[in-house]
Amino acid sequence: MGAQKKRAAAAAAAARVSEDPDDLARQPLQAILLADSFTTKFRPITLERPKVLLPLVNVPMINYTLAWLEAAGVAEVFVFCCAHSKQVIDYLENSEWFSQPNFTVKTIESHNIISAGDALRLIYEQNVIHGDFVLISGDTVSNMSLTQALQEHKERKKKDNNAVMTMIIKKSKPSPITRQSRLGTDELFMAIDPNTKQLLYYEDKADHSKGTICLDKMLLAENPSISLHNDKQDCYIDICSPEVLSLFTDNFDYQHLRRHFVKGLLLDDIMGYKIFTHEIHSSYAARIDNYRSYDIVSKDIIQRWTYPYVPDVKFCGNRATKLERRGMYRALEIEQSRSAQVGSFTVIGYGTKIGSNSKISDSVIGEGCTIGSNVLIEGSYIWDNVIIEDGCELRHVIVCDGVIMKAGAVLKPGVVLSFKVVIGERFVVPAYSKVSLLQQPTVHDSDEELEYADNSSGTVEFSSIQGTADQSNGEMTSESSEAHKPKLGTGGVGYIWSICEGGQEEEWRHSVAPIPEDKLTELSEAMDDDQELVTQDRTALSTSGELISDSNASEGDDNEDSKDDSVYFEKEVEATFLRAVEENVKVDHVILEVNSLRLSYNMTSADCAGAVFYSMMKLAIKTPHSSAIGLLTLYPSPFSMVASNAYPIYLSGELQQNTANIITTWQKLLKSYLLEIDEEIEIILKFEEMCLESAKEFSPLFARILHILYDKDILQEDAILRWADEKEGADESDKVFVRQSEKFIQWLREASEEED
Amino acid sequence: MPDTQVLVNDFLNKLKKRKIEGSQATARQTAELLRSVISQQRVPYTNQAGALIDAVKAVGEQLIAANPVELAVGNIVRRVLHIIREEDLSLTTAAIGGLNLSAVSDDENDDDRDGDSTLSAAAVAAAARSTLRPPSLQTLLEDTPVSAAVPQTSSSGGDSEGKSKSADKSSRSRKLKHDVIEAVNELIQDIVTCHEQIAEQAVEHIHQNEVILTLGSSRTVLEFLFAAKEKKRSFRVFVAEGAPRYQGHLLAKELVARGLQTTLITDSAVFAMISRVNMVIVGAHAVMANGGVIAPVGMNLVALAAQKHAVPFVVLAGSHKLCPLYPHNPEVLLNELRSPSELLDFGEFSDCMDFGSGSGSPLLHVVNPAFDYVPPKLVSLFITDTGGHNPSYMYRLIADYYSADDLVVQRRATAGN
């Protein structure tokens, strides 16, 4: 009823909106909460209970999400339930969320939905979303304020109707170790326009082995600047415009929110829809995607990063808990033996009993548990009503409701015990194993692609299993206890699931246990390799480096043997010069650019002069070549014979002319580096070198060009004379050009004597 | 009742989610909520006071449990309970006491009218209550027989005698609820105007060319300083920024906007600057019965610095911040640990928060307490809306506002559950 009123109010608000755009902000904010992750990462637990109802620090996950939505000012939430929908709906109905003022929770139920895309299509059909909405999954923990992100979204929307989505991102350390150890996810690459914050590229499955990612070159061409980030974390909180729903309906193949929808929008430039990002800094947001992130987020909650959603604040009808020294949270009516040691960062639920000499640290213990004496619990998550008998050892495990561990049982790191499993006396459960009362389903969807395609069959099957399990639970337990006695020790009940998907490889990544030492070193080695790659190959991207689409940046860096900086320097100067010629850049600007290059490569001005001269001569060679070729193609074949015969002669004349032109045009540039005689000599030497090696075309013209240079006041007679003097004692082969310009030199000498 | 239930739930939610900032707002809203609870409460013919007390207690329990850190909630619940008891008492004593007592109260009523001529006629009845109460304590030494008579009747008159006499005073008993509501209105008024009342005393404490130091931001302090400024006092203010929330920055901004010469310093510079300071004036989160202060974190440091240099350490606190509990009481939650993100950016330190490697527990712990406890010996003076008081006098002041029977509201709440 309240909802109807609300909708009427919303309609009224919408009517008002048309008159006053500022009223837009007052329109009640809606949210879609997907109470199903459409993945299988939490199996076997999720076969019996939906993921959103799994306790996170003794509070079902969905409560964190709902509490945040309520605090963030969302007025109406549509909870989309799929797997185990009845459990979710029952839970919500009995919770206080249905009786909140100014906050309506409504459930949408469907059984044959297999992906987030389908869910959104269904919601679109129901026509309940009227304005911007928050799209979130029911396993997200956050305490961020939506106000700013929402406002930015609305303002963008006002300016540009195609800005349909704002994605919340968060900074994290770019190291793959941290990413792996913190949330158990792969590295995420995003290209973001630093000015508009538009998301241009999103890749969460980059190829690590190559250490490369591929960007569409159009991205570089179209955007003046983009930042490529690998230090951002996707919070899986999106602010969407209503168009998003219709987009899902139009593209019926969109299944996954990120893999299909986001990437689809980024690639599809026909519609021109844009996605923007909003970065949060101090507030917290994280999604529980796998067991590892379950562990991490639990610990973040205990360390109060999610304040006010912490155990000692009653944000959603959780029991009163007191925070004691060293991060110990204790509910009421705990029976604890005097000799029991409860360490730091531990949560102990209501009515739990702890026996003597037991040690508990970094763990969460649920309500009504009974823990015997001499038990060791470390970094584990023990849910409600678990019985742990004397002498058990639990390290980094998850133990679900109603599990019984007989005396002396040991759980190795990474073990997950699903509901009501019984572990026999002194039985050691091997690391990373998953134990459930239900048998492992035969349909594996180990492959990521299959996960979405095949989930339909999977879900149906699970639900049927679920049904039978619920009805004939007792029967099944007795059955399985007989069939699998040896598997879980004497009196043990349950099946150990075989580890299939990728074996150990996958398991350690997503388990609650800390990453083993050897895997860590492997990871860090991989990281070091990456870094070496970066240093070797200059084109590789430094972390979140800014890419500027500049023509000369890409040139000349691919020389494998970087023996000498001067080679690079010369190439850079040449590229700069050529660009200047092409684009008609002013001489002053070129001088500036060359100067900056000189500083960055730590060169002398003589080097500059040489390099500039070198590039000028190169240009001079290039120009006649092209014109000669143009000539050849222009004229019909009989003439071409003539032309090719005449080529050397023609060329030398043309070349001289060209050189003279270029020198005239760019003499200012050259002169700015000719501060002293030494630089002028350097030019002559350079020219000589060119004539001998790289540009033999000039060799017949050496004396003439020297003359031109002299005429243009680029070279002074002192320099030429000194060069000639230096060459006096050289080998015959070196004297070729001195001799060639002998006349000129002689003339110069005479002129100077006359002056004297 | 359903209406009040909705209101109560709404308020409970706000408290639980820490949506209400500041003790003044909390206190005011608590009082308003309790007023509506009282007005909605159907009173039985007999033992009206008992019914009201039970109703208020039932709601109060929930409110206190919702946010045990915000002591103002409990204070106001207890104040309201006290008001009910006093109203009941005054009606009973008026009925029983007859002429001799009414003569006394009439005299005092006259005095009161002279003093508070601005009060409306409707509030006069409530004013009569307030005059009945303070003299009983202030004139304790001079006028023992009266005060001795009052507690006696209170113990018996509240319950047993009230029942026996209720038939006689049916007309009066209907008045009880009305009187209580009037008194609660007056309480709300007090809470709303506490800043002004405290600020009125500013000129007595801030003198020409003095240097005042304060930490963080408090509205009471702000108004206090403004009041002195408006009275043409020229003085300078040092504001310690109050890490990690840096509310001192806001305070500095507002002070500058009003034309006060302000210097912003870091918290760690307090000791260096304190020798130039003439007086430290700070706000408080709560004032405990022993005269100790619960104040924003960093206050103890300032108080110790002030003591070292013999600078007066003055605490401004509205009467709603006076808490009848003692800080060593385990029922009192003295502190709240806030999010570490106020100290450092999560992204920057995400590699230190690595639980996935090594032993599974991170080496870095970030602790961000919201409050400090300043022991009474470090406080020179309390300025409340009723004037300046010594820390050692606090218990008397608290006895004025609270009745001893209500101090354990919370314990009964947990036992009741």
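At what angle do the axes of helix 16 and helix 17 of chain A cross? This is a predicted model, and in it the two axes cross at roughly 165 degrees and come within 10 Å.

## A helix pair in chain A

Helix 16 of chain A covers residues 565–583, and helix 17 of chain A covers residues 587–601. Angles over 145 degrees count as roughly antiparallel, and helix 16 and helix 17 of chain A are therefore roughly antiparallel to each other. Their crossing is right-handed.

Which residues of helix 16 of chain A meet helix 17 of chain A? On the helix 16 side they are A:D565, A:Y568, A:F569, A:E572, A:V573, A:T576, A:R579 and A:A580. Their partners in helix 17 of chain A are A:V590, A:E593, A:V594, A:L597, A:R598 and A:Y601. Sorted by class, the residues of this contact are eight nonpolar, one polar and five charged.

## Chain A as a whole

Chain A has 756 residues, and 54% of them count as buried. Its secondary structure comes to 24 helices and 36 strands. Take the contacts in chain A between residues at least 6 apart in sequence: 61% of these join residues at least 24 apart.

Now look at helix 4 of chain A, residues 116–126. How many of its eleven residues are buried? Eight of them are, and the helix is mostly covered. The buried residues of helix 4 of chain A are A:A116, A:G117, A:D118, A:A119, A:L120, A:R121, A:L122 and A:I123. They pack against several elements of chain A, among them strand 1 (29–34), strand 6 (133–137), helix 8 (243–250) and helix 9 (257–267). After helix 4 of chain A comes A:N127, whose phi is positive, near 60 degrees.

## Turning to chain B

Chain B has 417 residues, and buried residues make up 52% of them. You can find 14 helices and ten strands in this chain. Among its contacts with a separation of 6 or more, residues 24 or more positions apart account for 81%.

| Helix pair in chain B | Angle | Distance between axes |
|---|---|---|
| Helix 9 (219–230) and helix 10 (247–257) | about 20 degrees | 11 Å |
| Helix 2 (23–40) and helix 3 (48–66) | about 140 degrees | 10 Å |

Angles under 35 degrees count as roughly parallel, and helix 9 and helix 10 of chain B are therefore roughly parallel to each other. The crossing of this pair is right-handed. B:L222, B:L225 and B:F226 in helix 9 meet B:L251, B:E254 and B:L255 in helix 10 of chain B. By class, this contact has five nonpolar, no polar and one charged residues.

Helix 2 and helix 3 of chain B also have a right-handed crossing. Helix 2 brings B:T30, B:L33, B:L34, B:V37 and B:I38 to the contact, while helix 3 brings B:L52, B:A55, B:V56, B:V59 and B:L63. Here the classes are nine nonpolar, one polar and no charged residues.

## A loop residue in chain B

Where does B:L407 lie? B:L407 is in the loop between helix 13 (394–401) and helix 14 (409–416) of chain B. With a relative accessible area of 29%, B:L407 is partly exposed. B:L407 and B:G74 are 333 residues apart in sequence, yet 9.1 Å apart in space, C-alpha to C-alpha. Leaving aside residues up to four places away in sequence, B:L407 touches B:R78, B:P324 and B:L325.

How values were computed: Residues numbered from 1 in each chain as written. Chains lettered and ligands numbered in written order. Predicted model: local features only at pLDDT ≥ 70, side-chain atom pairs only at ≥ 80, totals over all residues. Heavy atoms only, no water. Axes fitted to C-alpha atoms, helices over the stretch in contact; angles between N-to-C directions. Helix = DSSP H or I, 4+ residues; strand = E, 2+ residues; numbered from the N terminus. Parallel < 35°, antiparallel > 145°, perpendicular 65-115°, else oblique. Left-handed = near helix turned anticlockwise from the far one by under 90°. Contact = heavy atoms within 4.5 Å. Nonpolar A, V, L, I, M, F, W, Y, C, P; charged D, E, K, R; others polar. Buried < 20%, exposed > 50% of the residue type's maximum accessible area, 1.4 Å probe, protein only.
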